[in-house]
Amino acid sequence: MIVAVNFCLSSSIPSWTILSHSDRRNTSQRAAVSRTINAESNSLVLQSSRRRCVCYDMHKEVIPFSEAWSWQKSIVEERKTWIDSNEDGSDALIVLQHQPVYTLGTASTENNLNFDIKDPPLPLYQTERGGEVTYHGPGQLVMYPIMNLRYQKMDLHWYLRALEEVVIRVLFSTFGLTASRVEGLTGVWVGDKKLAAIGIRVSRWLTYHGLALNVSTDLSPFNGIIPCGIRDRGVGSIKELLIGCDEPYSKFSYDGDDGKLIDIAHDSLVKEFCEVFQVELCHQPASILRFPNRKH
Amino acid sequence: MASRLWASKAASYLKISTFNRGFASVVKDLKYADSHEWVKVEGNSATVGITDHAQDHLGDVVYVELPDVGATVTQGSSFGAVESVKATSDINCPVSGKVIEVNQKLTSSPGLVNGSPYEKGWIIKLEMSDTNEVNSLMDSERYSKFCEEEDKH
């Protein structure tokens, strides 16, 4: 049983404002939270009680959207059968890059497309996730956590804020970029540029779909859409911000190696994911997803 | 269990828990599923929607995915979805049957689910295939207690 959780980081991280999700319910709680995390002092306390999360790490691969989509759905179906037979299992995480594609969410409208929906310039998928249209492509790290929220918190808003938290921490701790949330606009922002888009589906408290972080993405395909339906803000990437900054970032120096940038961003994403959701990753080969009927 | 305790502590530390009103409203003569749908049984017909507790936790509903009229639904399985804040969630059917009517108004006014979850925000009407299934559902009092227990986690 965890009695008290004290955190402190080796390098300090800034406080940020975490906003409650609904003014309609008169919850204008604004908490400036200053947190520091001590991995060492907590690892012994937390490790034994961390939930297991199977990780299919394909972060260096560029996977067709349809393939990853069907992997997610089969993982979700499998976990539903575990729930039906009262078996506890693990959560799952898929990390990858996608081939260029546009995807729509359940409420997406054609108004946010700058092309004829019948003749899209890239493959276009109507998915069952929330949120508006977005672009996925090489240079963008995509995370698909399949989490059973009964083991976290049965609160979709909490889950979305937690996904944002993962990215906010990555951007600051690894790249020295100060990112923020914008109330009412789910995602992670640096200034008025969105670096990470988020859209999820929940079925019996099992989540899927997830987040996409622009690392070294070619952002020009975003011109084909009104990303996430937001007209007066733009899209950015880590690479663009690192190149464009005037002051040298003491934390990170971009040397032009995009592959290395992806690796570093990936390592940080996975680490912060484990911290925010308090899970312990168990790596499994991608062949399990690709060849489910084969004996592994 | 320990990770849920951590999640609650982290949520309250970060003050990102959604504010839960003391009592979301329940309507007495309805029956309730533990996935927060309500059903109103009239003879062989049933009207289904999501509860005040559910809409309160979801926030503003921006989209409701409706099934086709004539579709078969089974107790406990998904028949549609509601989207709010970039999260689309399944709606599960409290009883089995055949869909005879869907609330088309929700296509242009999904907010009816928030404003009037038990009346104008109804989602589907169906012809029940097994009226005994209602016996496995909760009444308003049990459902209220269920919500209180769930909100503690």
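Two strands count as paired if DSSP finds at least two bridges between them, and strands (E, at least two residues) and helices (H or I, at least four) are DSSP runs numbered from the N terminus. This is a predicted model, in which local features need pLDDT of at least 70 and side-chain atom pairs count only at pLDDT 80 or more, while totals for chains, interfaces and linings use all residues. Residues are numbered from 1 along each chain as its sequence is written, and chains are lettered from A in the order in which they are written.

**Sheet in chain B**
- Six strands of chain B form an open sheet in the order S1-S2-S3-S9-S8-S5, with antiparallel pairing.
- Its edges are strand S1 (31–32) and strand S5 (72–73) of chain B, each of which pairs on one side only.
- Strands S2 (residues 37–42) and S3 (residues 45–50) of chain B pair in the antiparallel sense over six bridges, and Trp38(B) stands opposite Gly49(B) in S3(B).

**Cysteines**
- Over all chains there are zero disulfides, a disulfide being a pair of cysteine sulfur atoms within 2.5 Å.
- For Cys55(A), the nearest cysteine sulfur, that of Cys53(A), is 6.7 Å away.
- Cys55(A) is buried at 0% relative accessibility, where buried means under 20% relative accessible area (1.4 Å probe, protein chains only), exposed over 50%, and partly exposed in between.
- Cys93(B) is also buried, at 2%, and its sulfur lies 18 Å from the closest cysteine sulfur, in Cys147(B), which is too far for a bond.

**Confidence**
- Chain B averages a pLDDT (the predictor's confidence in each residue, from 0 to 100) of 87, and 84% of the residues score at least 70.
- The predictor gives the complex an ipTM of 0.79 and a pTM of 0.82.

Notes. Heavy atoms only, no water.
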